[in-house]
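Work through the exercises below with the structure in view. Each task is followed by a solution in steps.

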Amino acid sequence: MKNIGFLSFGHWSDSPGSQTRSAGDTLLQSIDLAVAAEELGADGAYFRVHHFARQLASPFPLLAAVGAKTHRIEIGTGVIDMRYENPMYMAEDAGSADLISEGRLQLGISRGSPEQVINGYHYFGYVPGDETTDADMAREHTAVFLKVIENAKFAQPNPSPMFPNPPGALGIEPQAPGLRDRIWWGAGSRATAEWTAQQGMNLMSSTLLTEDTGIPFHQLQAEQISLFRDAWTAAGHDREPRVSVSRSIFALTDDRDRAYFGRGGDDADQVGVIDGGIARFGRSYADEPDRLIEQLREDEAIAAADTLLLTVPNQLGVDYNAHVIESILKHVAPALGWR
């Protein structure tokens, strides 16, 4: 069995054919798609977070709304850029969203991806300290966040409070039991995957890897997953970690599918430059179900992960994206032992 969910980047535009022409369209349709995915038997509804872009940004109102409208499906992010976050306020938001969903929050966080603007986190009031980088700052924010969601007591109580306090120092409220075990780090390299394991976070393997050893993306990603699991064991954590990978996968089952994706997927990896370094991007898949099944059998990273997130073209609307998810669950997943 494999957990299968969707990952939406939450684009909107007024371009021809777009069914998400405003931020409101995207937010409301994201909720509707999560409800539809749950009804179809999918396991997760995940949302990308980008700032200064016509895409989903502040995730917690959306996650809370999805949590209130659904009953079983996991809800999560892939990923929140921790360079932008106040970890204390984020802990309050995350605790609230998790309680509304009754413990279904799976929160993907990371250093973040290339931005729409230069040093956008500066506009949010966050600047790395002397001799530190933005990546260092993201990890510092993360360390605080992980500490306070584990009910750390650190704030000196007011001796004359408006309402009575319990004895001793105070911490962030509300607390969401078990949330610490449901934090994922979006890792774009093998070294970062090992660091993720050492911190006791689940691994959300990126849609690209910021290194290129000359082997196919899925094999490099599978190597990353193996190193993560080895590091997890070495760290001595007392639970089993989770690992997710993301893929664009389209089963061509009707004329709409063939019109949108009938030219097939990108059957080869792409290599490019991200932040001045070489990066390898994984291929996408689009084919008739029988051929798609055979192609996916060869993807070593999907086989190694317990969770697969299907990246969906959200601008094509709720009905079509529900069809995309259903096609994978019905025509592909059973043959691969995912269901």
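For the residue classes used below, Ala, Val, Leu, Ile, Met, Phe, Trp, Tyr, Cys and Pro count as nonpolar, Asp, Glu, Lys and Arg count as charged, and the others, Gly among them, count as polar. The model is predicted.

**Exercise 1. The second largest pocket**

Task: State which residues line the second largest pocket and divide them by class.

Solution. Step 1: the volume of this pocket is about 230 Å³. Step 2: its lining consists of Phe-9, His-11, Ser-248, Phe-250, Phe-261, Thr-311, Val-312, Pro-313, Asn-314 and Gln-315. Step 3: sorted by class, the lining of the second largest pocket has five nonpolar and five polar residues, and no charged ones.

**Exercise 2. The overall fold**

Task: Give the number of helices and strands, and say how compact the protein is.

Solution. Step 1: the protein has eleven helices and 13 strands. Step 2: its radius of gyration is 20 Å, close to the 20 Å that the globule rule gives for 339 residues, so the protein is as compact as a globular protein of that length. Step 3: the C-alpha trace spans about 70 × 40 × 40 Å along the principal axes.

**Exercise 3. A pair of helices**

Task: Describe how helices H1 and H2 cross, and name the residues that meet.

Solution. Step 1: locate H1 at residues 23-40 and H2 at residues 59-69. Step 2: their axes come within 9 Å and cross at roughly 35°; the crossing is right-handed. Step 3: on the H1 side, Leu-27, Ser-30, Ile-31, Ala-34 and Val-35 take part, and they meet Leu-62, Ala-65, Val-66 and Lys-69 of H2. Step 4: by class, this contact has seven nonpolar residues, one polar and one charged.

**Exercise 4. Cavities**

Step 1: Strand S1 (3-8), H1 and helix H11 (318-332) each supply at least two lining residues, and H1 gives the most, with four. By class, the lining of the second largest cavity has four nonpolar, eight polar and no charged residues.

**Exercise 5. Backbone exceptions**

Task: Which peptide bonds are cis, and where is Glu-102, with its positive phi?

Solution. Step 1: recall that most residues other than glycine have a negative phi, and most peptide bonds are trans. Step 2: the bond from Gly-78 to Val-79 is cis, with omega near 10°. Val-79 belongs to strand S3 (residues 74-81). Step 3: Glu-173 and Pro-174 are also joined by a cis peptide bond, with omega about 5°. Pro-174 sits in the loop between helix H5 (134-148) and strand S5 (183-187). Step 4: Glu-102 has a phi near 60°, a positive value in a residue other than glycine. The loop between helix H3 (87-100) and strand S4 (105-110) holds Glu-102.

How values were computed: Residues numbered from 1 in each chain as written. Predicted model: local features only at pLDDT ≥ 70, side-chain atom pairs only at ≥ 80, totals over all residues. Heavy atoms only, no water. Axes fitted to C-alpha atoms, helices over the stretch in contact; angles between N-to-C directions. Left-handed = near helix turned anticlockwise from the far one by under 90°. Contact = heavy atoms within 4.5 Å. 1 Å grid on protein atoms, 1.4 Å probe; cavity = no way out; pocket = protein on both sides within 12 Å on 5 of 7 lines; lining within 4 Å. Points joined across faces, edges and corners; volume = space filled by probe spheres on them. Rg over C-alpha atoms; globule rule 2.2 N^0.38 Å.
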